[in-house]
Amino acid sequence: MESQDASEEPGVHRGFICASFNQDTTSLSVGTKTGYRLFSVTAVDKLDCIHEGVECPDVYIVERLFSSSLVVVVSLSMPRRMNVYHFKKGTEICNYSYSNNILSVRLNRQRLVVCLEESIYIHNIKDMKLLKTLLNTPTNPSGLCALSVNHTNSYLAYPGSATIGEITVYDANSLSTVTLIQAHDSPLAALTFNSSGSKLASASEKGTVIRVFSVPEGQRLFEFRRGMKRYVSISSLSFSADAQFLCASSNTETVHIFKLEQHSPSREEESPTWSAYVGKMFTAASTYLPAQVSDMMHQDRAFATVRLNMFGLKNICALATIQKLPRLLVASSDGYLYIYNVDPQDGGECVLVQKHRLFDFSEEQVEQKEEENPEDVPPQPASQSYAATVALPSTPPSSTTLMGYSEDGGAQKGEVIPEHEFAEGPVCLDDENEFPPVGNQSN
């Protein structure tokens, strides 16, 4: 999720650029004008800032690997370079430069994926070596892609077409294409896997229908109608950990939560009601109707909803279990994290239980003073929005950021800290209370 300049989008916090949840929704990463921040989201009443990185300003991509100390950062000042840090030790693991601007980065415990507009790079996260370069992929100006967080089912999904909603499912472990899914008539806008990598949800640019497919088969399992009145821009999709629920947020004021449940025919037979009889008649009739009409009959509406107090602002949503209860988290470009209670039995309207500021009030005051007294502040280069940066014509990178990029190699490893602990062997994340070191996992 990225933000335009505050002057272009009223309501957007001036320091905010992007936000992302980690793979198990225990942490929130926020890219800012001065660097990035990592927050713990394991409690409702408090939001702890566990790290503030100031290595580079204007961070528009920041991704953390689960609860480890590995964090990937991309800055607007150097949009072609990916920096990988061990933030607790304050060391750089490595950096890579690419042929064009980096649009998105995805991580699991096996792979690190970098997406450009017309190519995708797959790295082995244990030693950061480049394993595969997918060149000449369909034009993907938003960098849309999804990587399964389950490293044993390390599936990667990305648009298979720039004109229709085709999904390419790629096995990032075996480095081979798995299947092509004809998901929507219009181009894709959002993709996400469930935690096991067995389901894939998608939405198109129209934003009216969300579909869920089985992986790797590509069979359509569910179809949810978000609404028919207007087209919307879906900004995020996210499954709950048990894959029983799927949430979707957009540029409207409503977040939808859908329940993935199969209607059992045996239950209808046990209690033959008039509604059940009519339902069977419709099901039988649907086999004789055009596909579009038939699909309409099988679509489910939202199980639960949230009414945000904002409209038109970019946000991301996630479903998490916090303090043993299901919650919906919404991180918004207005600079707040909203936490809602979700009723897993009856659904309905979700209740806001907490609202956390991602920025201190003092920071806003400092920014306002700097604007009021420009003569007291040394001139700074104008920071462009992410969209404006991507729109710039491609220019060859300087020799200091890219040393001999070659098409066959795909990405060029940048300078790293000499003698650092990751140069010879696998990445070993030895912080306390983390998952076992990546290089020593038995499963």
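Okay, let's start with His256, which lies in strand β23, residues 254-259; strands here are DSSP E runs of at least two residues, numbered from the N terminus. Before I go on, this is a predicted model, so local features need pLDDT of at least 70 and side-chain atom pairs count only at pLDDT 80 or more, while totals for chains, interfaces and linings use all residues. Residues are numbered from 1 along each chain as its sequence is written, and side-chain values use heavy atoms, with hydrogens and water left out.

Back to the histidine. Is His256 buried or exposed? His256 has 8% relative accessibility, so it counts as buried. The cut-offs are under 20% relative accessible area for buried, over 50% for exposed and partly exposed in between, with a 1.4 Å probe and protein chains only. Leaving out residues up to four places away in sequence, His256 touches Arg226, Leu246, Cys247, Ala248, Ala302, Ala304 and Thr305, where contact means heavy atoms within 4.5 Å. Cys317 is 61 residues away from His256 along the chain, and their C-alpha atoms are separated by 9.9 Å.

Now the rings. We have five aromatic pairs in the structure. Rings of Phe, Tyr and Trp (its six-membered ring) pair if their centres lie within 6.5 Å; planes under 30 degrees apart are stacked, over 60 edge-to-face, and the rest tilted. Tyr98 and Tyr121 make a tilted pair, 5.0 Å centre to centre with 55° between the planes. That pair links distant parts of the chain, 23 residues apart: Tyr98 is in the loop between β8 (91-97) and β9 (104-107), and Tyr121 is in strand β11, residues 119-124. Tyr98 counts as buried because its relative accessibility is 0%, and Tyr121 is buried at 0% too. Tyr336 and Tyr338 have ring centres 6.1 Å apart and planes at 45°, so that pair is tilted. Phe222, Phe224 and Phe258 form one aromatic cluster.

Some rings have a charge over them, meaning NZ of Lys or CZ of Arg within 6 Å of the ring centre and within 35 degrees of the ring normal. Lys355 has its charged end over the ring of Tyr336, 4.3 Å from the centre. Arg109 does this with Phe66, at 3.9 Å.

Two bridges join β13 to β14 (residues 155-159), and Ala146 has Ala157 as its bridge partner in β14.

Technical notes
Helix = DSSP H or I, 4+ residues; strand = E, 2+ residues; numbered from the N terminus. Pairing = 2+ DSSP bridges.
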